[in-house]
Amino acid sequence: MTFSKSISRRTLLRGTGAALALPWLEAMAPKSVLANTPDDVLDGKAPVRMAVLYVPNGVHPDIWNPKEEGTDFELPMAMEPLADIRHKNLVLTNLWNQHSNTGDGHYVKTGGFLTGQTINKTVGVDLNSNGISMDQLAAREVEHLTPLPSLELGTEPVHSGVDGTVGYTRVYGAHISWKTPTSPLAKEIDPKLVYQRMFRASKQGTQAAADDRLLLDKVLSGAKSLRGRLGQEDRHRMDEYLESVRTVEARLAQLEQPGHAPWRARADIEKHDAPEGIPDAHAKHVQLMMDMIVLAFQTDTTRVTSFMFGNAVSNKDFAFLDGVKGAHHSLSHHQSEEDKLKQYNLISQWHVAQYAYLLKRLDAIQEGDATLLDNSMILFGSGLKDGQSHSPRDLPILLGGRGGGKINTGQHIRYEKNTPLTNLYVSMLNAFGRETEVFSDSTGALDGVLV
């Protein structure tokens, strides 16, 4: 999120003694209003979690698509980091996102990755994704069961302004999660603030609902005053945050309803040290964000997360990798030059290695007879294939984890050309517990994914 120069991004809304960082609004609700005692607590079953990891700038097909199908396939160069965890992965090829097949190179592919829709072309703040993202449909199913309905993470801030090459606002390129068609969810890029947000959310509430309502009133009053000092674009960002207020108000209203039991953490967040902040090294930054996803799932602070390795058209410098001396987006336009391709491919392999790091960390945490990974679904992918062609066909898609025993992992499935990516989303939503028959242009559940 970007505020005008005279106002800090972490501006606090202040009113009669009240100070509250805007992104933490949803953490205000006392635990007693967060949930009825869920079935998974009563019967001892672990909940199912979902994460989406988005990679900008695509991947070259020569290092991605396995030659063999089924369970006995050789891992291509990009997937070599998955060797130790391949049995808990699905490789899915020939999926495409039809509605992102426009003249735009990146923004439609990013903004529409989880909606399966086409974003409206705009250079201003009148954003419209024309759909709710798949992860947010999942979050709606379980938002009453955890302190945070979902957690959106990244490494790069939102950039305003217009990409003059294609005529789209750059804001589209910083969001994959859409709560409503016009409301992208703000992502946090500071691992320390992510930890603090989860820590705050996990603490037992001590104030009465009336006190929290009073605090909300003060926040709203401060917001009105602050909003008047903002420009048009920053007012739009403020409105995104204030959407959280309505969520808190709805949770507080549950206090008056009988039958609610306190949320209980599945692990103690206080046993884990807080990160120092955003590190200088990109590799460390990404790893800390992977650690925050693990902590969120382990403690059951949320069951839905998304993470963007970078924004659309990200030109992150990857010179920290051996054999790479350039930036991501520039190298993705390799023009089939051998040296550029080699560097582009090393970056792609590095991204898969970070995904593998997350999977292994989840798999090392036991939950009864299964692991945290067994009870999760981790989607890894990009909205385009080769960065040179910008095609949304045959997208690079991996699905890790067994979704509570519902995902048929350990295989490569090659589908007919132009099979809807949204068919995978239908399968994932059903495995998550949200019964779904159709999502965007889907034609049904994706064959072979569900057990």
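1. Helices and strands here are DSSP runs, numbered from the N terminus: H or I of at least four residues for helices, E of at least two for strands. The phi angle of Asp-300 is near 65°, a positive value in a residue other than glycine. Asp-300 is also buried, with a relative accessible area of 3%; buried means under 20%, exposed over 50%, and partly exposed in between (1.4 Å probe, protein chains only).

2. Before going further, please keep in mind that this is a predicted model, in which local features need pLDDT of at least 70 and side-chain atom pairs count only at pLDDT 80 or more, while totals for chains, interfaces and linings use all residues. Residues are numbered from 1 along each chain as its sequence is written, and side-chain values use heavy atoms, with hydrogens and water left out.

3. Now for the overall picture. The chain has ten helices and 15 strands. Of its 451 residues, 61% count as buried. Among contacts (heavy atoms within 4.5 Å) with a separation of 6 or more, 75% are between residues 24 or more positions apart.

4. Leaving out residues up to four places away in sequence, Ala-51 touches Ile-293, Phe-297, Thr-305, Met-377, Ile-378 and Leu-379.

5. Next, the aromatic rings. Rings of Phe, Tyr and Trp (its six-membered ring) pair if their centres lie within 6.5 Å; planes under 30 degrees apart count as stacked, over 60 as edge-to-face and the rest as tilted. The count comes to 13 aromatic pairs. Tyr-168 and Tyr-172 have ring centres 6.3 Å apart and planes at 70°, so this pair is edge-to-face. Tyr-168 is buried at 7% relative accessible area, and Tyr-172 is buried at 0%.

6. Tyr-425 and Phe-439 form another edge-to-face pair, 5.9 Å centre to centre with 75° between the planes. This pair links distant parts of the chain, with Tyr-425 in helix α10 and Phe-439 in the segment after α10, 14 residues apart. Both Tyr-425 and Phe-439 are buried. Elsewhere, ring pairs join Trp-64, Phe-307, Phe-309, Tyr-355 and Phe-380 into a cluster.

7. Which residues of α3 meet α10? They are Met-134, Leu-137, Ala-138 and Val-142, and their partners in α10 are Tyr-425, Met-428, Leu-429 and Phe-432. The axes of α3 (residues 134-142) and α10 come within 10 Å and cross at roughly 15°; axes are lines fitted to C-alpha atoms, for helices over the stretch in contact, with angles from 0 to 180 degrees between N-to-C directions. The two helices, α3 and α10, are therefore roughly parallel to each other (angles under 35 degrees count as roughly parallel, over 145 as roughly antiparallel, 65 to 115 as roughly perpendicular and the rest as oblique).

8. One last stop is Ser-440, in the segment after α10 (421-432). The phi of Ser-440 is near 55°, a positive value in a residue other than glycine. Is Ser-440 buried or partly exposed? At 28% relative accessibility, Ser-440 counts as partly exposed.
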